[in-house]
Amino acid sequence: MCGIIGFTGKLEAQDILLDGLEKLEYRGYDSAGIAYFKENKGKISTRKTAGKVKDLRAICDDNESTCGIGHTRWATHGGVTNANAHPHKCGNVALIHNGIIENYHELVSSYDLGKDLISETDTEVAAALFNKLYDGENPIEAIKKAVPLFKGSFAFCIMFKNKPGIIYAVRNVSPMVAATCEEGSFIASDLTAFIQYSKKYFIVPEYTILTMTESGITLTDLDGTNVEPEFLEVNWDITAAQKDGYPTFMLKEINEQPDAITRTITPRIADGLPDFSADNIPDSLFENCRDITIVACGTAMYAGMVGKSLMQEMLGIPVTVAIASEFRYEHPVITEDSLVIVVSQSGETIDTLEALRLAKTRTQKTLAIVNVKGSTIARESNYVLYTHAGPEIAVASTKAYTVQTAAFYLIACKLGLIQDKISKDEAHEFIGNLQNVSNNITEVLKLSENVERLTKRMLNASNTFFIGRGIDYTLSMEGALKLKEISYIHAEAYAAGELKHGTIALISEGVPVIALATQSHVYSKVISNIREVKARGAYVILLSMDENITDSSICDTFISLPKVPDRFAIFEAVIILQMIAYFTSVGKGLNADQPRNLAKSVTVE
Ligand code: M6R
């Protein structure tokens, strides 16, 4: 969490920092701040405030520097106050930080830093420590001494008062990318902050000290040895990270799903069958695999649940889904024949990363489904299947979910073929259906006005329920998460058959129930469950491909989905659920892109 940016070069820094922070705001938006060398001399000025980057912009007027650092915060230690906002200054040092310094209490007492502190943050302790260890001459020596003392995760950009024009940076776990170009040197949590200046960049290696000047960046490890960065190039440009005429990123990203799915599956299909050779994923990964564990958080985990439902049915082998933050503590049963699939849009979610690290101690069959190229999870997994959703900026994940799910469909089909669970003909038919998904979604997107209208009914709700059976139940969980996250309405997902064991007591007159009935093998049973809530006064919004069930004893509002084989209905239904959440949020006057208390990339445990 938290977004950081640094620039030193030929241009005014302030605009670059503020524009960059706006692009990083999805990482946290509790407070924002910048620091810069006043008139490019040995004095560091700061501007910071609780609130968003627009609030910071309103108090920035000083365009006299070509070197500075900026931060947008997701609060961990200390409340949302001006004093806790970054940058933090102490003596000769000003710095910004993404991560958590876990041993900051011990550092305060061991190095007697207490008298220097005015905020409640762990970050200010780091500033005080760098300052204490700085001899006034050699910043790199101070960084070399301080870095091994920190426990936890960190990405720091540091300025030393008597070194105008220079930014130092170092990281452990928390992401940072950097670039040099004609205009100067850039560093940020994420490429979107400076992609308009450079498409060529490198991932800052862990425990490497960067010295950034107008003319370039040098890297040295903690022993002082020079390090050569490995340059990467992105294949998308700034327009992919802009709203492109849409009022919000979320609506744009919902509408991008047909293209995102096509981009993700097309390079993995050869002669109508799944083919991962361009990803360097060998068939041996799927041979002898006796069980599968899927680990992820939030929406990525719900995509994993769809994967489980599909693979267990197609392959007849045990598939487990684990919440990444629980995985390490629940004594997971992983052997060398287990395939562990981790799923992450950002590739930086710390719980998922730590789960992957544990899994790798037990099996070399780890596969990451990741959207962000070169991210930590992608680099550390034995194999990686990149989804090609393009940048996902809205905090609520939409297109990442459908491309992750599509990736599971490819994997399930590949496993089915390799393990002789499906025939080639069946695989061809399956892949054909997957290739139709983008067009089907395009049809569903045309229903947006109807969905917007029906959400008027949701605006005053304080409780809602999402119900379904089988794969529809997994989808209900995603629908409920989306609604909670951006509309702040309490939403519960329930396996439809489980309601009568307790939860149905919560159904009273007018409570919205979003019911999914797309699976024929449990169809009559789910319809009975829907009747049960309807009979108790629920306001039922029903999603189904069966147009014969629109009568008022079952539902109040019916949304007809295009007819597709059961297994593929999920792609259509989720679009409706995303739109229900989106229009409810917007209808309530909320910021759908930046819901309260959240951040896009969760890099704290
Ligand atoms: O980047 P990741 O896919 O690892 O993120 C996982 C979750 O934090 C994420 O899906 C979260 O649940 C979304 N905000 C849900 O919309």
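How many salt bridges are counted between domain 2 and domain 3? In this predicted model, the count is one. The salt bridge joins the side chains of glutamate 313 and arginine 567, with an N to O distance of 3.0 Å.

The domain assignment divides the protein into domain 1 (3–234), domain 2 (239–435) and domain 3 (445–593). Taken over C-alpha atoms, the centres of domain 2 and domain 3 lie 25 Å apart. Contact between these two domains involves 33 residues of domain 2 and 23 residues of domain 3.

The size of an interface is often expressed as the accessible area that is lost when the parts come together. For domain 2 and domain 3, the area buried between them is about 2,400 Å², and carbon and sulfur atoms account for 68% of it.

At least two residues each are supplied by α6 (249–255), α7 (257–265), α8 (298–315), α12 (399–418) and α13 (424–445). The largest share comes from α8, which provides nine residues of the side of domain 2 that touches domain 3. By residue class, this side of domain 2 comprises 20 nonpolar, 11 polar and two charged residues.

Notes
Residues numbered from 1 in each chain as written. Predicted model: local features only at pLDDT ≥ 70, side-chain atom pairs only at ≥ 80, totals over all residues. Heavy atoms only, no water. Domains from an automatic or database assignment. Contact = heavy atoms within 4.5 Å. Buried area = accessible area lost by both parts, 1.4 Å probe. Salt bridge = Lys/Arg side-chain N within 4 Å of Asp/Glu carboxyl O. Helix = DSSP H or I, 4+ residues; strand = E, 2+ residues; numbered from the N terminus. Nonpolar A, V, L, I, M, F, W, Y, C, P; charged D, E, K, R; others polar.
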